[in-house]
Structure formats: C-alpha cells, structure tokens
Amino acid sequence: IEAVRRMRGPKGTKVHITILREGAPDLIELTLTREIIKIQSVKVRMLEPGYGYLRITQFQERTAEDLKKALAELESQDGGLKGLVLDLRNNPGGLLTQAIQVADTFLDGGLIVYTEGRLESQRQKYFAHKADSHMEYPMVVLVNSGSASASEIVAGALQDQKRALVLGTQTFGKGSVQTILPLDDKSAIRLTTARYYTPNGRSIQATGITPDIIVESDLTAAQPEGAPHEPLRERNLPGHFEPNRPAKPGKEEPGKKGGGKEGGAAEEQKSELRPDPQLDRALELLKSWNVFRTVIAAQPRP
C-alpha cells in the first residue's frame with residue numbers, strides 16, 4: 001500500500017523505481033512517466049451466432065453506458081441475440097450506482113437491492129424501471145469466489161427476479177456498507193452502518209450468492225471445503241461480520257460496504273487461454289433453453 005501511494009502523482013511527472021527480481025543478479029532501475037490509466041470495464045464478443053458474451057471487470061463511472069453500447073452491438077448482429085452470458089467472475093465490485101443501472105438494464109421492474117441499518121437514513125431501496133430493459137433473450141450470469149460487492153448485488157437481483165440463471169461457484173460475500181467519518185486531526189474512522197440484501201431478503205454479507213448451478217473452474221475443482229487452497233472469501237477474513245437470517249424490507253439490521261477480493265488483469269488474460277468449463281456450460285444451457293422453448297411452442301394446444 002505504501003509503495004502504491006508513493007508511486008502515485010500528477011500526470012506527466014516522473015517516478016523512479018528500483019526492482020529486485022528473482023534470479024536477476026543486479027537491481028533494475030527504471031524511470032516511469034505517470035499517466036491516467038483508463039480501464040475498459042466492459043468487454044464483449046460473440047461466442048456463436050446468436051449467443052453473446054459480455055464481461056464486466058469492475059463497476060466504474062461509465063460501466064452502465066458502455067454496457068448498453070455493447071448490448072446494442074450484439075443485438076445488431078445478423079439474427080439478433082438468442083442468449084447472453086454475463087461474466088462477473090473476479091469482479092471485485094465498484095460503484096453501487098453503476099451496479100444498480102446494470103441490473104436495471106435487464107429488469108423491467110421490481111426491487112434490485114436494499115440496505116438495512118440502525119438509522120432511518122441507512123434504509124434505502126433501489127428499484128428497476130421498464131424503459132430500455134433487455135428482456136427478450138435468456139441469460140446466464142457467471143460468478144466465482146472473486147465476485148464481490150457490486151457484482152454480488154447484480155447477480156443476486158437477476159437471480160431473485162428470475163431474469164437469469166447464476167452459474168459458477170459461491171461468491172465472496174461482501175455485503176456491508178461502510179461510512180467514513182472524518183476527524184479533526186485529518187484522520188478518519190470507517191464505520192459499518194448497514195447491510196445489503198437481495199430482493200428476496202437474502203443477506204450477502206459473509207454468505208455471498210449461491211449459484212443456481214454449481215460448476216467448478218479448473219482452479220477450484222476437487223478442492224474440499226476448508227482445504228489449504230480454498231478460495232479466499234469474506235468469511236475467511238478476521239473480524240468479518242457473520243451472516244444473519246434473511247431480513248425483509250423494513251426490518252432493522254446492522255451492517256457496512258466494501259470492495260471485496262481483487263481479480264487482476266494478468267489472471268484474466270491467463271483464464272482466456274485455458275479451457276473454461278463454466279463458460280462452456282453456460283453456452284450449452286442457453287442453446288438448450290432455446291431448443292426446449294421451440295419444442296414447447298410446437299406442442300398442440302388442448
């Protein structure tokens with residue numbers, strides 16, 4: 001953390017760093033020019049004709065706007081969009097407002113998420129709107145232990161509203177809201193003030209989102225619960241808040257907000273090069289979904 005703080009600075013200024021690399025006999029001296037790094041949070045491609053893939057790496061300022069552009073690109077393809085995979089794996093979260101707008105894009109009404117705290121001001125409800133909703137095709141949402149905070153809110157909303165199937169492994173479990181209170185000596189206290197709940201009243205904190213269909217990735221397959229290499233989740237962190245029983249809107253519960261576990265760009269690049277059984281299963285489900293829908297539509301009416 002201290003190293004990152006010291007490397008940050010105004011755009012265009014220089015920073016000198018010294019690197020000790022394993023196997024290198026000497027120190028490596030580098031001079032870098034500081035720049036503003038813009039991360040593309042939405043990535044899109046066609047898996048097969050009619051079946052789109054949309055990945056959100058994190059929820060930042062323009063994520064919802066970029067999502068709508070990406071959907072328009074997919075929907076403009078020949079034959080339109082028959083199914084969509086929304087990949088939220090290793091998405092550590094980000095801006096709550098963007099997560100709500102992303103969920104709203106796929107919902108035509110109903111509750112997206114709500115918070116419960118000790119004070120009336122900490123009790124908030126966020127609803128979807130009918131305008132601009134994309135409801136005409138089936139969806140599968142991919143999650144794993146690196147899906148945290150805002151990504152859990154989106155997955156939980158789409159799951160509870162029966163808009164999408166959630167596939168993968170248990171998510172991180174970062175479902176608390178934190179408020180930063182500044183002090184006179186220019187320091188601050190971060191206080192837990194509320195918890196996030198899905199539309200059906202499920203607390204995300206230290207529990208996470210349980211997929212409708214459990215499919216292990218290559219990295220997590222055959223690892224029993226409690227194994228040394230079990231993926232890190234909120235419940236493994238010291239001092240975490242225990243999950244509580246589901247609360248319905250209007251009931252008071254304590255809680256906080258957070259960023260969750262980070263998933264790096266390097267790990268994402270590696271994952272694109274190796275087999276992806278979760279994505280393969282998601283595509284298989286979408287194709288089967290449309291086959292069954294066609295069969296049912298062809299059945300004679302009584």
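**View A. Helix 2 passing helix 3 in a right-handed crossing.** This close-up, like the others here, comes from a predicted model. Helix 2 covers residues 63-75, and its axis sits 8 Å from that of helix 3, at an angle of about 25 degrees. Angles under 35 degrees count as roughly parallel, so helix 2 is roughly parallel to helix 3.

**View B. Who touches whom between helix 2 and helix 3.** On the helix 2 side, look for Thr 63, Ala 64, Leu 67, Lys 68 and Leu 71. Helix 3 answers with Gln 98, Gln 101, Val 102, Thr 105 and Phe 106.

**View C. Helix 3 against helix 4.** Here helix 3 (residues 96-106) packs on helix 4 (residues 150-160), with the axes 9 Å apart and an angle of about 25 degrees between them. That angle makes helix 3 and helix 4 roughly parallel to each other. As for handedness, helix 3 and helix 4 cross in the right-handed sense.

**View D. The contact residues of helix 3 and helix 4.** Helix 3 brings Leu 96, Ala 99, Val 102, Ala 103 and Phe 106 to the contact. From helix 4 come Ala 150, Ile 153, Val 154, Ala 157 and Leu 158. There are 10 nonpolar residues in the contact of helix 3 with helix 4, and no polar or charged ones. Val 102 and Phe 106 of helix 3 turn up in this contact, and they are also on the list for helix 3 with helix 2.

**View E. The second largest pocket, about 440 Å³ of space.** The lining of the second largest pocket runs to 14 residues. Met 7, Arg 8, Glu 35, Ile 36 and Ile 37 are the ones nearest the pocket centre.

**View F. What the lining of the second largest pocket is made of.** Helix 1 (2-7) gives at least two residues to this lining, and so does strand 2 (28-33). By class, the lining of the second largest pocket has eight nonpolar residues, along with two polar and four charged ones.

Technical notes:
Residues are numbered from 1 along each chain as its sequence is written. This is a predicted model: local features need pLDDT of at least 70, side-chain atom pairs count only at pLDDT 80 or more; totals for chains, interfaces and linings use all residues. Side-chain values use heavy atoms; hydrogens and water are left out. On a 1 Å grid over the protein atoms alone, a cavity is a set of points where a 1.4 Å probe fits but cannot get out, and a pocket is an open set with protein on both sides within 12 Å along at least five of seven lines; lining residues have an atom within 4 Å of a point. Grid points are joined across faces, edges and corners, and a volume is the space filled by probe spheres set on the points. Helices (H or I, at least four residues) and strands (E, at least two) are DSSP runs, numbered from the N terminus. Ala, Val, Leu, Ile, Met, Phe, Trp, Tyr, Cys and Pro count as nonpolar, Asp, Glu, Lys and Arg as charged, and the others, Gly among them, as polar. Axes are lines fitted to C-alpha atoms, for helices over the stretch in contact, and angles run from 0 to 180 degrees between N-to-C directions. Angles under 35 degrees count as roughly parallel, over 145 as roughly antiparallel, 65 to 115 as roughly perpendicular and the rest as oblique. A crossing is left-handed if the near helix is turned anticlockwise from the far one by less than a right angle, and right-handed if clockwise. Contact means heavy atoms within 4.5 Å.
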